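Please read the briefing below alongside the sequence and the three-dimensional view.

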Amino acid sequence: MIRIFVTFLSILALSLTAFAGSPFEGEFDERSGQGCLDERAVPPSQPPGCAAFRERFEALQRLRSNENSDSEAQGNLSLIEGFSRQGVISLQDGVTLFISLQNLMGGVSATDETRTVFRLIMNSTPKFSINDTSESFRMIFKNENGLQDSINGLKMIMSSRLAQYGLIPSTTVYLKMLEFLGGVNLSTEAQSIYRKIDGVWGKDSYAKHWAVFKALFQAENGMADATANYDLVLRAAKICGSLDQAATDFLRVQRSSGGADSTTEAQKAFRLLYGF
């Protein structure tokens with residue numbers, strides 16, 4: 001009887017051990033592979049939780065290396081993951097872009113600025129590609145005085161009619177305007193004339209309007225007078241049917257009136273001669 005009882009206990013112990021699983025199952029059990037690290041049994045369409053954890057951990061580590069505090073890095077990760085969940089950008093590409101923008105704008109001291117620009121770029125999709133929008137911002141930022149002028153410039157270009165022909169070419173046009181007018185200290189003026197031309201070009205190309213404005217600007221003492229003269233030329237062009245001719249006529253009147261120092265007289269004479 002005792003022998004039967006002992007045999008029963010042995011069988012019960014073995015059964016409980018099999019039910020509970022080996023205490024070495026997982027990391028220490030060579031027969032079970034690598035435990036959580038073994039993804040072979042997971043369907044490809046459903047990323048394993050461990051893989052998702054590792055991806056997020058690696059992303060956080062990269063963001064930490066570019067930040068002063070863990071809380072800032074976690075905030076950056078949350079921002080990027082928000083757009084990643086929407087399908088706008090992958091997590092790793094988002095981290096790469098974020099760090100690139102942060103380094104462009106000053107590193108760890110530019111976290112808030114980087115978040116602002118990152119949101120702007122993400123929200124520009126699908127109208128513009130992330131690559132084009134981020135490259136456009138880089139081009140502008142390198143040629144402007146600061147963040148706000150750069151953001152204003154990018155928003156202006158993205159909203160322009162010209163941008164439908166390409167964001168990068170449109171950015172190049174704006175930067176050429178900025179350089180021609182005198183550089184970073186004339187951002188407001190450059191953005192103003194970019195908008196003005198964008199609102200009127202059509203029959204005559206954007207490039208033609210810009211060539212006319214440049215001629216008027218070079219014949220004047222400043223931006224305000226050149227812009228006023230351009231407005232007069234636009235009115236005259238509707239009457240004579242030619243932008244080139246209207247600009248030529250104004251410059252002739254201006255020279256005959258005394259040049260750049262006689263702008264008011266030239267404008268009066270031009271209105272009189274064109275009848276408006």
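What does the accessible surface of the chain come to, and what percentage of it belongs to carbon and sulfur atoms? The accessible surface is about 15800 Å², and 55% of it belongs to carbon and sulfur atoms, with areas taken from the Shrake-Rupley method with a 1.4 Å probe, where for residues only the protein chains shown count as cover. This is a predicted model, in which local features need pLDDT of at least 70 and side-chain atom pairs count only at pLDDT 80 or more, while totals for chains, interfaces and linings use all residues. Residues are numbered from 1 along each chain as its sequence is written, and side-chain values use heavy atoms, with hydrogens and water left out.

**Overall fold**

- The chain has 13 helices and zero strands, where helices (H or I, at least four residues) and strands (E, at least two) are DSSP runs numbered from the N terminus.
- Of the 276 residues in the chain, 40% are buried, a term that means under 20% relative accessible area, against over 50% for exposed and in between for partly exposed (1.4 Å probe, protein chains only).
- Among contacts (heavy atoms within 4.5 Å) with a separation of 6 or more, 53% are between residues 24 or more positions apart.

**Helix α9**

- Helix α9 holds 14 residues, 187-200, which at 1.5 Å a residue should span 20 Å, and the 21 Å between its end C-alpha atoms agrees with this; the expected span is 1.5 Å times one less than the number of residues.
- The buried residues of α9 are S187, A190, Q191, I193, Y194, I197 and D198.
- They cover an arc of only 165° around the axis, so they lie on the same side of α9, the arc being that of the directions from the helix axis to the C-beta atoms.
- The exposed residues T188 and G199 are carried on the face of α9 turned away from its buried side.
- Cover for the buried residues of α9 includes α7 (147-159), α8 (167-181), α10 (206-218) and α11 (223-240).

**Nonpolar core**

- The largest nonpolar core has 69 residues, of which F118, I193 and F213 touch the most other members; such a core is a set of buried Ala, Val, Leu, Ile, Met, Phe, Trp, Tyr and Cys residues joined through side-chain atoms within 4.5 Å.
- The largest share of this core, eight residues, comes from α11.
- Beyond its neighbours within four places in sequence, F213 is in contact with L181, I193, M223, A226, T227 and Y230.

**Individual residues**

- S124 is placed in the loop between α5 (111-123) and α6 (130-141), and it counts as buried because its relative accessibility is 8%.
- Not counting residues up to four places away in sequence, S124 touches T133 and M158, and its side chain makes a polar contact with the side chain of T133 at 3.1 Å; a polar contact is a pair of N or O atoms within 3.5 Å, of which, within protein, one must be able to donate a hydrogen and the other to accept it, and residues adjacent in sequence count only if both atoms are side-chain atoms.
- R161, in the loop between α7 and α8, counts as partly exposed because its relative accessibility is 35%.
- Leaving aside neighbours within four places in sequence, R161 is in contact with D198, G199, V200 and W201, and a polar atom of the R161 side chain lies 2.7 Å from the backbone oxygen of D198.
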